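Colleague: I'd like to go through this model with you and check what the labels really rest on. Mind if I keep asking how you know?

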Amino acid sequence: MKQLIIINGPNLNLLGKREPEVYGHQTFEDYFEVLKLKFPKVSITYFQSNIEGEIIGKLQEVGFSYDGVILNAAAYTHTSVGIGDAVKAITTPVVEVHISNTHSREDFRHHSYIAANAKGVILGFGLQSYDLAIQSFI
Ligand code: DQA
């Protein structure tokens, strides 16, 4: 069975409450249950942190044994050389995802420190971006 992990960065624990016009009304915990039911033949775990170093630690922990990482580093996407370096350092392929289309938003959201070392990038499809990322691994 393929082993995937979804890693969400800062403020994504507030999905459902946070700017629903941008990020929708569903909590990630609820959506994660939908994903697990939709992909019963894949083992998917979920990790969220608001702390940059914890995200780097998780990437290092899973990044030499898991089959895939689905990473929404949220605001750290645009600021974190450390997370970008961790994605480069590990051997597990990483798909970068975003709920919103970051290219249609403020200029500072147009740059990603992750994209250059990601297997691919999926953005702008709402929570379905995670679904599409899982499909890319199977
Ligand atoms: C986000 C986009 C980022 O620019 C933002 O900082 C987030 C969420 C998204 O999923 O659309 O927190 O990664």
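Colleague: Where does Asn8 lie?

Modeller: Asn8 lies in strand β1. Strands here are DSSP runs of E with at least two residues, helices are runs of H or I with at least four, and both are numbered from the N terminus. Before we go on: this is a predicted model, so local features need pLDDT of at least 70 and side-chain atom pairs count only at pLDDT 80 or more, while totals for chains, interfaces and linings use all residues. Residues are numbered from 1 along each chain as its sequence is written, and side-chain values use heavy atoms, with hydrogens and water left out.

Colleague: Why is Asn8 called buried?

Modeller: Buried means under 20% relative accessible area, exposed means over 50%, and partly exposed is in between (1.4 Å probe, protein chains only). Asn8 has 0% relative accessibility, so it counts as buried.

Colleague: What makes the link between Asn8 and Tyr46 a polar contact?

Modeller: A polar contact is a pair of N or O atoms within 3.5 Å; within protein, one must be able to donate a hydrogen and the other to accept it, and residues adjacent in sequence count only if both atoms are side-chain atoms. The side chains of Asn8 and Tyr46 are joined by one of 3.5 Å.

Colleague: What makes Gln128 partly exposed?

Modeller: Gln128 has 44% relative accessibility, and therefore counts as partly exposed. This residue lies in helix α5 (residues 128–137). Gln128 and Ile99 are 29 residues apart in sequence, yet 7.7 Å apart in space, C-alpha to C-alpha.

Colleague: How do you know that the buried residues of α2 line one face?

Modeller: In α2 (residues 28–38), the buried ones are Phe28, Tyr31, Phe32 and Leu35. Seen down the axis, they fall within an arc of 105 degrees, so they line one face of the helix. The arc is that of the directions from the helix axis to the C-beta atoms. An α-helix has 3.6 residues a turn, so residues three or four places apart point the same way. The buried residues of α2 pack against β1, β2 and α5.

Colleague: What puts the buried residues of α3 on the same side?

Modeller: Helix α3 (residues 52–62) has Ile55, Ile56, Lys58, Leu59 and Val62 buried. They cover an arc of only 160 degrees around the axis, which puts them on the same side of α3. They pack against β1, β2 (42–48), β3 (68–72) and α4 (81–89).

Note on methods. Contact = heavy atoms within 4.5 Å.
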